[in-house]
Amino acid sequence: MATDDLMTRALEMVGDDGPLSVEVIHRLTDLADVPEPMTIAEVADLLDITPHTLRYYERAGLVEVARDRYGHRVYDAEAVRRLV
């Protein structure tokens, strides 16, 4: 989900009721439709960011990503939610 789409949905959901919170954003990111596990390319496409940015976030410690037996990154729903 692109950042602009997420923010539009968040602002529509909040309206005049109060400030945007992390909880509101988490509720908006319904990950039931997200396939698991996802590759770095799939997550980059979903979030409209580059794989390079995802690798940077991982190096910076913002998200932990599991690896498969070949050493490729495997993103689960929780990792995607954390990135959102």
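A residue counts as buried when its relative accessible area is under 20%, as exposed when that area is over 50%, and as partly exposed in between. The exercises below apply this definition to a predicted model.

**Exercise 1.** Determine whether Glu-42 is buried, partly exposed or exposed, and state where it is found.

*Solution.* Step 1: Locate the residue. Glu-42 belongs to helix α3. Step 2: Take its relative accessible area, which is 38%. Step 3: Compare this value with the limits. Because 38% lies between 20% and 50%, Glu-42 is classed as partly exposed. Step 4: Relate Glu-42 to a residue elsewhere in the sequence. Glu-42 and Tyr-75 are separated by 33 residues in sequence, while their C-alpha atoms are 9.1 Å apart in space.

**Exercise 2.** Identify the buried residues of helix α3 and explain how they are arranged around its axis.

*Solution.* Step 1: Helix α3 covers residues 40-47, and its buried residues include Ile-40, Val-43, Ala-44 and Leu-47. Step 2: Viewed down the axis of α3, the buried residues fall within an arc of 100°, and therefore they line one face of the helix. Step 3: Consider what follows the helix. After α3 comes Asp-48, which has a positive phi, near 60°.

**Exercise 3.** Classify Glu-58 as buried or exposed, and list its contacts beyond its sequence neighbours.

*Solution.* Step 1: Glu-58 lies in helix α4, which spans residues 51-59. Step 2: Its relative accessible area is 18%; because this is under 20%, Glu-58 is buried. Step 3: Leaving aside neighbours within four places in sequence, Glu-58 is in contact with Val-63, Val-65, Arg-67 and Arg-73. Step 4: The side chains of Glu-58 and Arg-73 are joined by a polar contact of 2.5 Å.

**Exercise 4.** State how many helices and strands the chain has, and what percentage of its residues count as buried.

*Solution.* Step 1: The chain has five helices and two strands. Step 2: Along the sequence, they follow the pattern α-α-α-α-β-β-α. Step 3: Of the 84 residues, 29% count as buried.

How values were computed. Residues are numbered from 1 along each chain as its sequence is written. This is a predicted model: local features need pLDDT of at least 70, side-chain atom pairs count only at pLDDT 80 or more; totals for chains, interfaces and linings use all residues. Side-chain values use heavy atoms; hydrogens and water are left out. Helices (H or I, at least four residues) and strands (E, at least two) are DSSP runs, numbered from the N terminus. Buried means under 20% relative accessible area, exposed over 50%, partly exposed in between (1.4 Å probe, protein chains only). A polar contact is a pair of N or O atoms within 3.5 Å; within protein, one must be able to donate a hydrogen and the other to accept it, and residues adjacent in sequence count only if both atoms are side-chain atoms. Contact means heavy atoms within 4.5 Å. The arc is that of the directions from the helix axis to the C-beta atoms.
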